[in-house]
Amino acid sequence: MELYAHLHQVLKQIDGFIYPNEVELHWGMLVVVYPYLTGLVAGAFILASLERVFNVKEVQPTYRLALLTALAFLIVAPLPLLSHLGHPERALEIFLTPHLQSAMAMFGFVYAWYLAVVLLLEVWFDYRKELIVWSRSESGIRKWLHQLMTLGSTDLSDDAVRFDHTAGRVITIIGIPSAFLLHGYVGFIFGSVKANPWWSSVLIPIVFLFSAIVSGIALMMLIYMATSILRRKPVDMSCVDKLASFLFYALIIDVSLEMLDFIHRLYEAEESIHILSEMISGKLFVSLFVLQLGLGTVVPLVSLALFSPVLHKRALVPVPDELRRMMYWGVAVLIQLGIFSTRWNVVVGGQLFSKSLRGLTAYKMQLLGLEGGLMSGFLLLLPFAILAFLIWLLPPWPEREVTMEEVARARK
Amino acid sequence: MQRIDASVDTSTKRLDRRSFLARCVAATVAGGPALLDILPVDASEEEQSQPRYGMAVDIDSCIGCGRCVDACKAENGVPLEPFFYRTWVERYRVREDGVEVDSPDGGRQGFPSADAEQGQSQSQSQRSFFVPKLCNHCDNAPCVQVCPVGATFTSEDGVVLVDHEYCIGCRYCIQACPYGARYLDPVTRTAQKCTLCYHRIKRGLQPACVEVCPTEARIFGDLNKRSSPLARFFRFHKVQVLKPHLNTAPKVFYSGLDGNVS
Amino acid sequence: MPQQVKILAVVFVVALTALTVVRYISVPDTFGDLGHYRAAAVDSIAVLPIYYAGERACLDCHDDVYDDKTQAKHASLACETCHGPAVMHVEDEDSLPHIPSEREHCALCHAFQPARPNGFPQVEFAMHNPLDECIDCHDPHAPLPDLSEADCGACHGEIARTKAVSHHAELACERCHTVPDAHRETPRQVRPSKPSRRKLCGECHDRSSSADDAIPRISQTEHEPEYVCWQCHYPHFPEAR
């Protein structure tokens, strides 16, 4: 039957013995896209918090952009999950009758908390005065949208603006552990499955979190440089250099954690070591050693260490700004590739070997359909479209920020 | 004749009586519960009437004919394609240089006969046997733990079931099952697995796989009843469960389980 | 209180109310009655249709066949093991269940496979009367043909074939195993004996034995005295290593 054609193909690619029900690989491309997207959210937000809470002045140009990026990606994040469900129309059950023992159910609330209390409130407090001022001087649909978003707020007094600032700071402070929780929790959803020795690990939530930070910072680098080009504005080199140094440190921590997991596994050499070694030296070789470790970690680390002022005020091998920018482009893209491979290696890798520990199967991704490759590609591009809309709706550029004089004028 | 001096140590007597009484109280407090254990006490009505279903598998009796797999698919409407099984049979061939495991179409049409395997060079075989597998209806089921909406649950009589009108098809339970007992039903697009033929056992019948097994390798019964065939089986067989280190507390017990069974 | 806080408080209360209303409308009635699940699900599973009627249903009409079967070798087989799901036959007599007659059906259980337990009756199907139907000689409800004259190899085929090409080919099974007559009737309950002492092998293989000179001899007191012979020498094929 055509419905099962891809499964019949998998039958021919089985090595060793797998349980008969394991021919169908259940969590495919869509479930790889999901942690990739939530990782970017957590990473972008933590970057934004660097400016707000730790007063890292150099990355100020990216602050509002990072918030909008986090929001755009967070809106898309549940869509791959919805598309993957057998019954998306019943998805609301997770909120109506959540099973408190289930990590997946509790994640629904972590997500809702993060979206409502952290991101939406943060954006509202940060843009509130702009929304009021803009809605008074604009016309047409922008005026109505901005007015709607003020939620009826009209107070432009100094006290109110100061309250906005304090509230934003408090929310960001709450937001940092919330961002940790958001993506660490996704790691826990995998890490708590004792049936799967590739997933079941205490380190998975931490590794997920740091790789999320890495991917988020790299993404912001890309978006900042891309939007600067599109707006024909010069790239602030001190900003991207600072982003690069945070990226470098996050990458060091990330790779240390991954190495720790790897060494620990090899050293303890538990029962699953045989089939897992077979898997990573065979089916997962390219995505693990070439993409995740080689191109996604070692090449960026070496490039940043050599050509970027991450260790000292001057780089070890100083290069002109233009070259460094190109290097940053390359590094950021490779990191996206590397982190996406990381998610692939965890999600798909965990299902390529049998729970009998005696065999390996294959993943046949379909192109069409709600769970196909095209859908995944669409969901990876959608956040950028939403970001473009958000940038139009809430311009994050420093020159569009409302000054205190404009606020005073609007008060009258 | 000795004169008994009644005046001597009357205090001791009283102390003796007091200490004797104290000891009585202590004994009752300490030994009372033990006494209660000896006395016949009726279990509460509820405990006795609620069954707790389980199953036993006698590996030494299984001949790998696959009738159980076939009957299960027929009884429960499981698609015949070789990707969906509520129960299946594995064959283990232990050789000097390793173990070979296979389960062609879950064993549903038996296993290839010895004739068909001529010419396969193998090292010296030590022993080989069949192992029927099914959902273990764990008392501490990881699949029930991870279901986000409460669509899979353990019934009051110990059977792990799936609610097809509530399941959202997220497949977390399929990932969480260490035994590979679950699959996604392609028609209802919900998680699916062995139900111990709940619709049969509630009407006093045996599960389909137990009904058709020609060598009585599968035994079904009520773990709470001393009169069930399971109780007799446990008296005569040393039993094990699959993957005990995961602490899932399975209710399917295997006799004759080889260490190589995974 | 800052205006922002008042506004947000209103938004929060409205959202909470809406969520609560949605929850009470949408959650199914029986959810939570017995546990964190829809109690009605148990009932709907319990009334699913049945396809295998169960042996007792057959007994009502086919008690003669049933009596034959319970006294014969296929007593542990349910009727539907061979005849397949038969509930429609219980409801409508004319709707017959499957009545298997081809050799492939019997081969499902009785074709020789090394993984099958010792003592389970098996034959090499390609060699065992390949041109006949099984049911020509074996009544499916009382399948055992008269075995009183048959040798051990009828059930212990692999052992018989292995021994037949070994140095012990001429040895009768009874030379080393004491076989009670009841073993032919209830093979698993009544077992033949297995040797337990080196002395048995020594009756032929010890230097002091009066058996044929061609038989290889060792000194029982010097040759690995702490082991029993069959820890190294497989008795049915002793020349193997």
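Okay, let's start with a word we'll need: a residue is buried if 20 or more other C-beta atoms lie within 10 Å of its own, exposed if 12 or fewer, and partly exposed in between, with C-beta atoms placed from the backbone. Keep that one in your head.

Now, what you're looking at is a predicted model, where local features need pLDDT of at least 70, side-chain atom pairs count only at pLDDT 80 or more, and totals for chains, interfaces and linings use all residues. Residues are numbered from 1 along each chain as its sequence is written, while chains are lettered from A and ligands numbered from 1 in the order in which they are written.

The scores: the model has ipTM 0.92 and pTM 0.85. For chain C, the mean pLDDT is 89, and 97% of its residues reach 70 or more; pLDDT is the predictor's confidence in each residue, from 0 to 100.

Let's go to chain A. It has 16 helices and two strands. Helices (H or I, at least four residues) and strands (E, at least two) are DSSP runs, numbered from the N terminus. What radius of gyration does chain A have? It's 23 Å, which agrees with the compact globule you'd expect for 412 residues, near 22 Å. That radius is taken over C-alpha atoms, and the globule rule is 2.2 Å times the number of residues to the power 0.38. The C-alpha trace of chain A spans about 80 × 55 × 35 Å along its principal axes, and buried residues make up 47% of its 412 residues.

How about contacts? Two residues are in contact if their C-beta atoms, placed from the backbone, lie within 7 Å. Take the contacts in chain A with a separation of 6 or more: residues 24 or more positions apart account for 79% of them.

Is A:Ile213 buried or exposed? Buried, because 27 other C-beta atoms sit within 10 Å. Leaving out residues up to four places away in sequence, A:Ile213 touches A:Ala42, A:Gly43, A:Ile46 and A:Ala250. Look at A:Gly43 in particular: A:Ile213 is 170 residues from it in sequence, yet the two are 3.8 Å apart in space, C-alpha to C-alpha.

Next, chain C. Of the 241 residues of chain C, 16% count as buried. And among contacts in chain C between residues at least 6 apart in sequence, 45% join residues at least 24 apart.

On to where the chains meet. Between A and B, the contact takes 35 residues from chain A and 37 residues from chain B. On chain A's side, the elements giving two or more residues are helix H5 (93-96) and helix H6 (103-137). H6(A) gives the most, with three residues. That side of chain A divides into 18 nonpolar, 10 polar and seven charged residues. For the labels, Ala, Val, Leu, Ile, Met, Phe, Trp, Tyr, Cys and Pro count as nonpolar, Asp, Glu, Lys and Arg as charged, and the others, Gly among them, as polar.

Chain C touches chain A too: 10 residues of chain C are in contact with 11 residues of chain A. The chain C side has five nonpolar, four polar and one charged.

Last stop, a sheet in chain B. In what order do its three strands come? E3-E2-E4, in an open sheet with antiparallel pairing. Two strands pair if DSSP finds at least two bridges between them. Strand E3 (98-102) and strand E4 (125-134) of chain B are the edges, each pairing on one side only. Neighbouring strands in this sheet are turned by 20 degrees against each other on average, direction ignored.

Strand E2 (residues 87-95) of chain B is joined to E3(B) by five bridges, running antiparallel. E2(B) and E3(B) make a hairpin with two residues between them, and B:Val94 stands opposite B:Val99 in E3(B). With E4(B), strand E2(B) pairs in the antiparallel sense over nine bridges; for instance, B:Val89 has B:Pro132 in E4(B) as its bridge partner.

And there's a helix to spot here: helix H3 (residues 67-76) of chain B lies across E2 and E4 of chain B, at about 160 degrees to E2(B). For that number, axes are lines fitted to C-alpha atoms, for helices over the stretch in contact, and angles run from 0 to 180 degrees between N-to-C directions.
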